[in-house]
Amino acid sequence: MSGCHDCALAAHVDSGATSGVASVALVGPPNSGKSSLFNRLTGLRQKVANYPGVTVEQRHGRVRLGAGRDVQLLDLPGTYALQSRSEDERITDDVLHGRMPGIPRPDAILLVLDSTNLARHLVLAAPVLSLGLPTLVVLNLTDDLERRGGSLDPAALAEQLGAPVALASAATGRGLDTIRQFLAGRFAVPGRIPLPVAQNIPACRLWAGRLASQSTYRAPAPPLWTRRLDGVFLHPVVGPLLLLAVVLGVFQAMFAAAAPLSDGLEAVVGVAGQWTGALLPAGVVRDLLVQGVLAGVGSVIVFLPQIAVLFLFIGILEDSGYLARAALIADRTMARIGLQGKSFIPLLSAYACAVPAILATRTIESKRDRLATILVAPFMTCAARLPVYALIIAAFLPNTPLLGPVFGVRAAALLGLYVLGFLAAVGTALLLRSTILKGDRAPFLLELPPYRWPTLRSLGLRLVDRSRAFLTRAGTVILGVTVGLWLLCHLPLVNGQAPDLTHSVAGTMGRTIEPAIRPLGFDWKIGVGLVTSLAAREVIVGTLGTIHGIESDAGSAGLQQALRHDLTPGGAIALLVFFAFAMQCVSTIAVTRRETGGWRYPLLQFSYMLALAYGGALLAKALIG
Amino acid sequence: MAVTHTLADLPFGSDAVLAQLAVPADDAARLMELGFLPGAVVHAVRAAPGGDPRVFRVDGAEIALRRETARLLHLLPVP
């Protein structure tokens, strides 16, 4: 009946290996260290895409085994029991049954289980083995198991399961050789063993418990250090204070440590522009390359250091296990406004940029809560709003000290804009809870994994991977839009020459919307800026500089002078309020569309934020004049 | 000694046996996958700062549940 694991390997069935690259699926419950193992096996040879028609990330990569034996590894969303209740789980189920269009049924499976939680995780072995695909059961985190005095007999377990078993640790690299051997060898179908019906969870638990005891599994001692650390990190008084310190630390690093890097990158892009300018003859092509393409690339790249620092911190928090504690502490407060603990980190990320924030909502299993988080995230004051705020505040507000030498009227105004965005987010979350996102919600379930030291390797891989995803997603959109807007500013050609901005398509658009924005105190020049800043908010600074024919950084006295001529103080405050609320960002629209799987929510979000921005600006203008 | 009826009433540091899950079927399945099965021993570990959610240990793992969920998980009466 059930062969030992070595014989099972010998009784091979050659599946797929002859026709191109074999595909192997990585399956496991959440927190089994599946993704770390995936990273160890594929390194940077991985690609991220979305499954057709849904919003779940499809992550695959190539494992190098040499001599034409490479394997395509597919990291499937985590699942406890291969049921298809959530979208994630449905994907895993469909792929494993070969029902996912465009994705061939895998030739073999790596089933990754947490060895410190074996009885619980073995439940997943029942539905996975019943698929009848060649399977290697990888018991991960065995370094942790042994350190805490646990043990098991892998040969006995392999015999029970009718499938080979490998002891592994993604952190130390243990067992990777065995996994590679399995991948490089010919895949063997598992022996037939009696399996419980997957839908009957109590029966599966009983089966898993019996398997664990028959393979002389000794559960590890409770993680003492985790208990001790939780005594501090979840302490009623100290816990929230530490969370506050962590949040402030992340902010400080994002804005202070990343600033020199951003300046450096900006300088590099500037030099590249000068060289390109010097190399090419003057003309439309040069202008398109320098002012369109390079300026577009530059406007994305300057945000990369901040976002990379953010990813690094989130990586440390997540790998160490603190992220779950942060979610636990934040849950009570977030629940009051209809969100939940897992919304906390995405919303924190949104202070750098809404794009990575919306990508980070993938950790929220509840579809309703995830949608609510995506819809409020762009209200957080992102880094692209700061150059706009800086310019207008410097042009219109005196630097009168209020409290000490540092905190003056200007600082107060900036703080006020942060608070305004935050309040809009809270109000919107409450509104969503009582309107379109009303109704029953899945219960909040949060597993608190033991604390672990993050490894440099895993942090580095994640940093590169996430930064690359940001650059390709935001970069392609912003680049396209910047080039498009550049064309709008330089067409139609008059006698083969680009017209001045006033008479360009963009200028015409500015004048067309002027009647609509006149009540807010904006003229057509601001109108052009509102159109171009759809690419990225800070683009309005450069546009206003171009219109006025002056050098265009926020500190420019000439630009401030020109703005004071164009706007009344009421109009200036209205412009600040408009930027606090409006979704002036094509990248965010694109990423919301992608993550919500359609145009419905991004359009709703854009219209809602625009209406709020218009109303708020109108009110500000009416109040101040 | 007071008889505890649901997981929400279980004092910290004590154990109890789950009797039934008075939640919709999908939610029950999700809870059972995490170990909250009828007959399972649950230990109340601690509360988050502010009192909610609460952390429970079941089958070697620590899981946080909100009070609104915990009060739907009924316990066997203490003999």
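Two strands pair if DSSP finds at least two bridges between them. In this predicted model, strand 10 of chain A and strand 4 of chain B pair in the antiparallel sense. The briefing covers that pairing, the contact between the chains, a helix pair and the nonpolar core.

**Strand pairing between chains**
- A:Leu446 stands opposite B:Ala64, a residue of strand 4 of chain B.

**Contact of chain A with chain B**
- Chain B gives 25 residues to the contact and chain A gives 26 residues.
- On the side of chain B, helix 1 (25–33) and strand 4 (61–65) are the elements that give two or more residues.
- Helix 1 of chain B supplies the largest share of that side, six residues.
- The side of chain B that touches chain A has 12 nonpolar, nine charged and four polar residues.

**Helix 18 and helix 24 of chain A**
- Helix 18 (residues 386–396) packs on helix 24 (residues 557–566) at an angle of about 70°, with the axes 9 Å apart.
- Angles of 65 to 115 degrees count as roughly perpendicular, so helix 18 of chain A is roughly perpendicular to helix 24 of chain A.
- From helix 18, A:Leu391, A:Ala394, A:Ala395 and A:Phe396 meet A:Leu559, A:Gln560, A:Leu563 and A:Arg564 of helix 24.
- The residues of this contact divide into six nonpolar, one polar and one charged.

**Largest nonpolar core**
- This core has 193 residues, and A:Leu111 and A:Val138 touch the most other members.
- Helix 25 (residues 569–581) of chain A gives the largest share, 10 residues.

Terms used. Residues numbered from 1 in each chain as written. Chains lettered and ligands numbered in written order. Predicted model: local features only at pLDDT ≥ 70, side-chain atom pairs only at ≥ 80, totals over all residues. Core = buried A, V, L, I, M, F, W, Y, C linked by C-beta atoms within 7 Å. Buried ≥ 20, exposed ≤ 12 C-beta atoms within 10 Å, placed from the backbone. Helix = DSSP H or I, 4+ residues; strand = E, 2+ residues; numbered from the N terminus. Contact = placed C-beta atoms within 7 Å. Nonpolar A, V, L, I, M, F, W, Y, C, P; charged D, E, K, R; others polar. Axes fitted to C-alpha atoms, helices over the stretch in contact; angles between N-to-C directions. Parallel < 35°, antiparallel > 145°, perpendicular 65-115°, else oblique.
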